[in-house]
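Hi,

Here's the structure I promised to pass on.

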Amino acid sequence: MGLLIEGRWHDQWYDTRKTGGAFVRTEAQFRDRITADGSAPYPAEAGRYRLFVSLACPWAHRTLIVRALKDLTGVIDVSVVDPLMLADGWVFPTPDPATGATRLYEIYCRSQTDYTGRVTVPVLWDSRSGRIVNNESAEIIRMFNSAFDGITGNRRDLYPVELREEIDRVNGFVYDRVNNGVYKAGFATAQDKYEAAFDALFDALDELDARLSGQRWLVGNRLTEADWRLFTTLVRFDAVYVGHFKCNRQRIVDYPNLSGYLRDLFSVPGVAETVNLDHIKRHYYGSHPTINPTAIVPKGPALDLTSPSGREHLGPGWLDQGL
Ligand SMILES: N[C@@H](CCC(=O)N[C@@H](CS)C(=O)NCC(=O)O)C(=O)O
């Protein structure tokens with residue numbers, strides 16, 4: 001793992017010395033938008049934009065889910081990196097067909113020759129200019145939610161105006177305590193930082209489990225982006241975060257409501273195809289030598305994501321929302 005400093009690659013692990021052993025995530029730097037109204041520089045167009053993802057990465061996973069739910073699979077192509085992220089960072093198993101790149105950092109350098117920062121997935125890239133439009137998953141899913149509706153005719157709305165305030169509030173909580181919380185636990189290099197992240201994470205999961213005892217989805221009795229943002233962490237939890245990131249107070253399968261909720265989300269058409277537990281396990285256990293020096297990938301656990309959720313009585317499902 002490494003980063004670019006003024007356009008040159010340096011192989012180095014996260015530096016937690018300045019933060020007393022705490023893992024602090026840095027801000028994504030490419031923040032342009034694709035627009036529905038055809039305005040420059042990035043108008044919505046079929047076949048023009050490409051998404052670079054790792055199937056292991058929870059942030060990239062959000063973008064793949066919204067791409068599927070919004071019928072964008074024929075509109076936005078995808079390049080998938082190798083699950084292992086080692087000395088060269090994210091690399092392609094074979095040269096990327098769209099760019100010829102063998103390493104993801106080449107795409108960052110071409111976009112900005114003096115780029116300084118981390119080289120992360122997902123990346124939304126414009127084939128016309130050869131530039132990165134955006135590398136922040138939270139913003140990419142918002143673009144996918146509405147910018148291409150005129151092209152696909154799919155008007156399902158994962159961020160409805162009347163629920164935005166509540167979605168933003170839940171997202172903030174879930175991001176800090178759960179999505180990023182597992183990383184804060186797993187990448188901490190001081191016992192107290194790990195324990196603080198661990199406690200905040202499980203307090204949050206307890207709270208979410210209680211919330212989901214009386215409602216099918218997180219916000220407003222319908223599926224929204226808040227659910228998908230939680231899903232990508234939940235679906236990795238028992239397979240990697242419990243062991244590799246030491247988030248082992250209990251598993252998701254042990255939660256009475258979160259467990260069915262996870263299966264409910266997994267059963268939404270198009271979603272199971274975006275979940276690749278082989279890449280997920282190989283990436284985490286194989287790419288973090290400071291945490292797992294042998295790179296041995298555990299064989300278990302046996303996961304059951306396909307049995308009925310038993311949550312239909314709590315509210316309408318994705319296909320019943322009349323959208
Ligand atoms: N804010 C970014 C975070 C993306 C991110 O951290 N991705 C991880 C993979 S799970 C990554 O590429 N890490 C490489 C690195 O930090 O060097 C987003 O949500 O899009």
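Which residues come nearest to the ligand? Of the 13 around it, those are Cys57, Trp59, Arg118, Thr120 and Ser137.

Keep in mind that this is a predicted model. The protein's pLDDT averages 96, and 99% of the residues score at least 70. For the complex, the predictor gives an ipTM of 0.98 and a pTM of 0.97.

Arg118 also turns up in a sheet: in E5, Arg118 is the bridge partner of Leu3. Strand E1 (residues 3–5) and E5 run antiparallel and are joined by two bridges. The sheet itself is open, with three strands in the order E2-E1-E5 and antiparallel pairing. Strand E2 (8–10) and strand E5 (117–118) are its edges, each pairing on one side only.

The other spot I looked at is Pro83, in the loop between strand E4 (77–80) and helix H2 (104–111). Is Pro83 buried or exposed? Pro83 counts as buried because 22 other C-beta atoms lie within 10 Å, and the cut-off is 20 or more. Leaving aside neighbours within four places in sequence, Pro83 is in contact with Ser54, Leu55, Ala56, His279, Arg282 and His283. Take Ser54: Pro83 and Ser54 are 29 residues apart in sequence, yet 6.5 Å apart in space, C-alpha to C-alpha.

Cheers

Terms used:
Residues numbered from 1 in each chain as written. Predicted model: local features only at pLDDT ≥ 70, side-chain atom pairs only at ≥ 80, totals over all residues. Helix = DSSP H or I, 4+ residues; strand = E, 2+ residues; numbered from the N terminus. Buried ≥ 20, exposed ≤ 12 C-beta atoms within 10 Å, placed from the backbone. Contact = placed C-beta atoms within 7 Å. Near = placed C-beta within 6 Å. pLDDT = per-residue confidence, 0-100. Pairing = 2+ DSSP bridges.
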